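Hello,

Here is the structure I promised to pass on. Please have a look, then read my notes below.

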Amino acid sequence: MENIMIKEDIESIDREHGDNLAEFACLGGFSVVQSIAVLERRRRDAVDQLKKLQKDSESWLSERQKMEEEAGEATGLIQQLRSSVSAKTREISALEARVRTLSEEVESLQSSSGALTKERDDLKKEEERLRRRLGDSGSFYSQVMTQYRLAIGAKLREQNPGVDLSGVNQLDPASLAKEVKAKLDKQKQDALKKA
């Protein structure tokens, strides 16, 4: 059988396998030419399968390369997302700290507001008390002035018995002084005319 086979076929087929196949072909009643044809067909099928496997391998390699590129892109995206999440986490932490600070300020302002409300109420009470005192002082002042005017009027009558004070404006010291001065001036002029 080695004499009939082509040298390339002999190199491509495993010797032991080829011998086994040849013995089987001879035992099965195949002629050498038929055995060669069968082997040639099998060789072509093997070559076709090899080509197909090479194409599949190339396709798988291409697919693998695409997947590795996509994995690289995904890794880059994941890193960007992690970076973004980290930045957002820092922003959230800063905002939470600001919220805590503002909450403390609000609590402080609320307690100050309570103190200011109490102080305002106290000031209103003090204002009312002072208004009452002012009202009391006004009536007291009015009483004192009335007594003062009466005392001044009585003293003027005592010192000037000839002066008529009946038209004096409610014994106001300023108007009373004007009236007295005017009456005294008139009396003086009358006395000068008579003399």
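Arg64 and Glu68 join their side chains in a salt bridge, 3.2 Å from N to O. This is a predicted model. The two residues sit 4 apart in helix H3, so about one helical turn separates Arg64 from Glu68. Arg64 is exposed, at 51% relative accessible area. Glu68 is partly exposed, at 47%.

The structure has 8 salt bridges. Another one pairs Glu40 with Arg43, at 2.6 Å, N to O. These residues are 3 apart in H3, again about one helical turn. Arg43 is partly exposed, with a relative accessible area of 29%. Glu40 and Arg43 also belong to a salt-bridge network with Arg44. Asp121 and Arg120 form a further bridge, at 3.8 Å, N to O. Both are partly exposed: Asp121 at 32%, Arg120 at 44%.

Now the overall layout. The protein chain has 4 helices and 0 strands, in the order α-α-α-α. Helix H3 covers residues 32–159, which is 128 residues. At 1.5 Å a residue, H3 should span 190 Å, and its end C-alpha atoms lie 179 Å apart, which agrees.

What is buried? Of the 195 residues in the chain, 10% are. In H3, the buried residues are Ser35, Leu39, Met145, Arg149, Gly153 and Leu156.

Glu73 is part of H3 and is exposed, at 58% relative accessible area.

Best wishes

Terms used. Residues numbered from 1 in each chain as written. Predicted model: local features only at pLDDT ≥ 70, side-chain atom pairs only at ≥ 80, totals over all residues. Heavy atoms only, no water. Expected span 1.5 Å × (residues − 1). Buried < 20%, exposed > 50% of the residue type's maximum accessible area, 1.4 Å probe, protein only. Salt bridge = Lys/Arg side-chain N within 4 Å of Asp/Glu carboxyl O.
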